[in-house]
Amino acid sequence: MARRDSILTTPTSPLAPFPPLPPPELRSRAPEFYGFVAWTSTSLLFVVYLLWAILPDEYIEWLGVTWYPSREWAVLLPAYSVVVFLLAYFVYFALAIYGAPSLLDTCTFTDSRSHYLPVCEGEQGYTPFARPDAVPELYDIPIGLVNRVLYHDEPSAD
């Protein structure tokens, strides 16, 4: 028999949610109310905006509103909003490019955690560490060595 506070899985939902949800009697219903208030207030403000933008002056004054902004703001507010939205994308993109290092900078392919193979004095490159019977340590391979191995320039035998 399962404990009462555990969440059971079903054939239609075999995975339990993570992190587990608290029991229903301990959950707050505040997010539901906040969501409803946000939805209704946004809808109401949109309807008021549409009435202000579309209704003639006589109807608005008949409703008892004696002062309201000029009708040109009904066009300017959405236009400014679109410009600010696009400008935000441009600014974030520009900041990302500004903060990125140059393609010639070595930090584009290495970082402070790189663990390079130590080169010993008098020994030839990396051969002392390549014993066939040893399990080598984990090292980062320098990009110059990778380029030499992958894209070596051997003179053609023409």
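Here are a few friendly notes on a predicted model, taken point by point.

1. Let me start with the loop between helix H2 (57-62) and H3, where Tyr 68 is found. Setting aside neighbours within four places in sequence, Tyr 68 is in contact with Trp 52, Asp 57 and Ile 60.

2. Along the chain Tyr 68 and Asp 57 are 11 residues apart, and their C-alpha atoms are separated by 9.8 Å.

3. Next, the aromatic rings. A pair of aromatic rings is described by the distance of the centres and the angle of the planes. The count of aromatic pairs in this model comes to four. For Phe 85 and Tyr 89, the ring centres are 5.1 Å apart and the planes stand at 80°, so this pair is edge-to-face; the cut-off for that label is over 60 degrees.

4. Both residues of this pair belong to helix H3, and because Phe 85 and Tyr 89 are four residues apart there, about one helical turn separates them. Is Tyr 89 buried or exposed? Tyr 89 counts as exposed, because its relative accessibility is 55% and the cut-off for exposed is over 50%.

5. Leu 87, Phe 90, Val 91, Tyr 92 and Leu 95 make a nonpolar surface patch of about 560 Å². One of these residues, Leu 95, lies in helix H3, which covers residues 72-99.

Note on methods. Residues are numbered from 1 along each chain as its sequence is written. This is a predicted model: local features need pLDDT of at least 70, side-chain atom pairs count only at pLDDT 80 or more; totals for chains, interfaces and linings use all residues. Side-chain values use heavy atoms; hydrogens and water are left out. Patches are made of residues with over 30% relative accessible area and no salt bridge: like charges are joined within 9 Å, nonpolar side chains (Val, Leu, Ile, Met, Phe, Trp, Tyr) within 5 Å. Accessible areas come from the Shrake-Rupley method with a 1.4 Å probe; for residues, only the protein chains shown count as cover. A salt bridge is a side-chain nitrogen of Lys or Arg within 4 Å of a carboxyl oxygen of Asp or Glu. Helices (H or I, at least four residues) and strands (E, at least two) are DSSP runs, numbered from the N terminus. Rings of Phe, Tyr and Trp (its six-membered ring) pair if their centres lie within 6.5 Å; planes under 30 degrees apart count as stacked, over 60 as edge-to-face and the rest as tilted. Buried means under 20% relative accessible area, exposed over 50%, partly exposed in between (1.4 Å probe, protein chains only). Contact means heavy atoms within 4.5 Å.
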